[in-house]
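Me: I would like a close look at a single part of this model. Please keep the answer in one piece and state the cut-offs.

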Amino acid sequence: MNATRRSKLTRPAFDAAYDTFVRPGGFHELDSYYSISRERYFLTLGYLVELNLPEGAKLLDVGGGQFAILSSKLFGYQATVGDIGDDFRTPADSADVSFVVCNLLHDDPAAFRGQFDVVVLAEVIEHLPVPPYVVLSKVRSWLKPGGALLLTTPNLFRLRNIVRMIRGRDPFDTFMLPRDGISLGHQTEYSAEHLAWHIREAGFLLDEIAHDQLGHTGFSWKARAARKLLAPLRLRKIWREELVAVARNPQ
């Protein structure tokens with residue numbers, strides 16, 4: 001994390017907010033996920049603070065809502081959670097953060113148009129069974145002129161995928177349209193070049209795409225052992241776990 005990020009995001013403040021509002025769970029993932037994933041949230045917030053958003057910035061977090069809650073408590077942003085349904089709205093309500101139902105595949109609320117300084121899509125687009133530029137074009141219309149998109153998604157060329165293909169296993173879940181009661185897994189994942197194309201095709205100006213590990217350690221002892229063993233290979237950026245993209249809505 002560079003000096004700009006360190007100056008605006010302190011570890012003690014993050015840990016206090018995370019332990020109060022995120023680690024207890026109540027979101028879509030198993031509650032244990034948040035004990036393991038603390039570092040991913042801290043490092044991703046580092047990219048958010050580097051955007052130098054205005055005081056009281058309006059932020060929309062489409063997905064689980066953890067970044068809306070944390071940015072509200074840590075930075076005083078006017079944060080809104082947008083999620084596919086209201087089954088998991090309790091954490092947002094408990095944190096006194098605005099919650100709206102927003103299905104990226106179908107919804108385009110008129111009230112969103114040109115309203116936000118930043119939209120966060122963290123670990124979202126890999127679940128969508130449509131070309132990302134279709135959704136990103138809609139998201140861009142929700143941003144103010146000059147507003148920012150912060151997007152994270154698994155890297156197509158991460159070592160986990162390479163190992164699975166060498167072993168003859170599919171790296172992704174079944175590609176399918178949504179069905180009631182069935183959560184969509186990873187429909188596909190993207191390389192940096194592929195993701196950049198979709199972001200630009202949606203009309204954004206692309207600031208950067210970074211290959212980053214974001215603190216991933218694995219969610220089973222086997223995955224953690226494998227990541228530790230293969231860690232030297234991640235000196236080659238293209239094999240790292242995550243892509244982090246920052247883009248702007250043209251003025």
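At what angle do helix H7 and helix H9 pack, and how far apart are their axes?

Reply: This is a predicted model, in which local features need pLDDT of at least 70 and side-chain atom pairs count only at pLDDT 80 or more, while totals for chains, interfaces and linings use all residues. Residues are numbered from 1 along each chain as its sequence is written, and side-chain values use heavy atoms, with hydrogens and water left out.

Helix H7 (residues 132–141) packs against helix H9 (residues 192–201) at an angle of about 40°, and their axes are 8 Å apart. Helices here are DSSP runs of H or I with at least four residues, strands are E runs of at least two, and both are numbered from the N terminus. Axes are lines fitted to C-alpha atoms, for helices over the stretch in contact, and angles run from 0 to 180 degrees between N-to-C directions. H7 and H9 are therefore oblique to each other; angles under 35 degrees count as roughly parallel, over 145 as roughly antiparallel, 65 to 115 as roughly perpendicular and the rest as oblique. The crossing of H7 past H9 is right-handed, meaning that the near helix is turned clockwise from the far one by less than a right angle.

On the H7 side, the contact (heavy atoms within 4.5 Å) is made by Pro 132, Tyr 133 and Leu 136. H9 contributes Trp 197, His 198, Ile 199 and Glu 201. By class, this contact of H7 with H9 has 5 nonpolar, 1 polar and 1 charged residues. Ala, Val, Leu, Ile, Met, Phe, Trp, Tyr, Cys and Pro count as nonpolar, Asp, Glu, Lys and Arg as charged, and the others, Gly among them, as polar.
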